Amino acid sequence: MTILPLRHSTMQISLTNPPFKTPQIFPFHQPIFSPKQPNQLSLQTHVVNSLKGSGYLSEISKAIDYEEQYRVAKSQVIRKGLDLEGYSIEGVSIGGHETCIIIPEFKCAFDIGRCPTRAIHQNFVFITHAHLDHIGGLPMYIGSRGLYNLKPPTVFVPPCIKDDVEKLLDVHKSLGQVELNCELVALDVGETYEIRNDLVVRPFKTHHVIPSQVSILELTSLVYVVDFGLLPSRTLQCVADLITDTILSPEVAFTGDTTSDFMLDPLNADALRAKVLITEATFLDDSTTIEQARQHGHTHISELIENAQWIRNKTVLLTHFSSRYNIEDIRQAASKLQSKVSAKVVTLTEGFKSLYS
Ligand SMILES: [Zn+2]
Ligand SMILES: [Zn+2]
């Protein structure tokens, strides 16, 4: 267990925001038809046959097509979320294209990618580094929250890029003559920031071709440092006054882009024991060597396999695969890591093609 004092004051999170609404192609909450029963189907067929040539047939066919599209779209929406250790993690991560990982339970997103619609709901964004596939959608994210009258978000960035991010937002404000309201927080390695009464974020150092850092979200619980047996007459309030420290329990760690060196840094031990580790495995086969992967600031999955003994997480979510791979390549490579670790190995394959599709 790590014991760290909190350095920042608690932020208040408004719970009064109206539900987020976007236009929908299909009315997900209201199917066009209720589920078909066999006798209803035959009745529909009879009606359709009797209406042939009447002009209504094409309308009914369209409605049936919509129902089928609704069914397919709904199944895709359901498939997007991953239930990992109690967190419904979702998002998209394709190396060089876009990375945005959303954790609705924490109202946050790790990196913003191209700003997928679902990310607009999240109040906090943790940017790991300034490559476009991780930060490109930031002005759109901030602008979209304003468009929907959501409160200005809090965006965390490595301190070395804060000034440039401010300039980037200023350029968009000037170009579009719009407001882009957000709280931009430079959070350095070793600092902590309390984003909720029981939730803290803490950056760690990673190794990429430009400055980068990982983020860990940790749930907090209070530690009583007094011996209750010696204080029989004290009231509960007196005891509460003696609370001096907080235990941080690492829940979710996200590495962004990094070489496997982050696993060897003793200061990153908490990332490797968080319940969920979300990390990258950009390269999966012999077409790219480990050395080439390192030169590009990325991880080859064989390095994760070599360092498997350091992985103490309950679940490892692999992300940021090169777009050259298909879903079958990814699952096959992940199964090799699975055979070396007790953690459950899961892959984020949203946006990748299957051999069979
Ligand atoms: Zn990337
Ligand atoms: Zn990068």
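1. Gln177 is found in the loop between helix 5 and strand 8 (183–186); helices (H or I, at least four residues) and strands (E, at least two) are DSSP runs, numbered from the N terminus. The phi of Gln177 is near 50°, a positive value in a residue other than glycine. Gln177 counts as exposed because it has 6 C-beta neighbours inside 10 Å.

2. The structure is a predicted model, in which local features need pLDDT of at least 70 and side-chain atom pairs count only at pLDDT 80 or more, while totals for chains, interfaces and linings use all residues. Residues are numbered from 1 along each chain as its sequence is written, and chains are lettered from A and ligands numbered from 1 in the order in which they are written.

3. The protein has nine helices and 16 strands. Of its 357 residues, 34% are buried. Among contacts (C-beta atoms, placed from the backbone, within 7 Å) between residues at least 6 apart in sequence, 64% join residues at least 24 apart.

4. Lys107 lies in the loop between strand 4 (98–103) and strand 5 (108–110). Although not a glycine, Lys107 has a positive phi of about 55°. Lys107 counts as partly exposed because 17 C-beta neighbours lie inside 10 Å.

5. Asp111 is found in the loop between strand 5 and strand 6. Asp111 is buried, since 29 other C-beta atoms lie within 10 Å. Leaving aside neighbours within four places in sequence, the contacts of Asp111 include Thr99, Ile127, His134 and Gly256. The C-alpha atoms of Asp111 and Ile135 are separated by 6.3 Å, and these residues are 24 apart along the chain.

6. In helix 4 (residues 138–147), the buried residues are Leu138, Pro139, Tyr141, Ile142, Gly143 and Arg145. Their cover includes strand 6 (124–126), helix 3 (132–135), strand 7 (154–157) and helix 5 (162–176). Just after helix 4, Asn149 takes a positive phi of about 55°.

7. Not counting residues up to four places away in sequence, Ala109 touches Cys100, Ile101, Ile102, Ala119, Gln122 and Val125.

Key
Two residues are in contact if their C-beta atoms, placed from the backbone, lie within 7 Å. A residue is buried if 20 or more other C-beta atoms lie within 10 Å of its own, exposed if 12 or fewer, and partly exposed in between; C-beta atoms are placed from the backbone.
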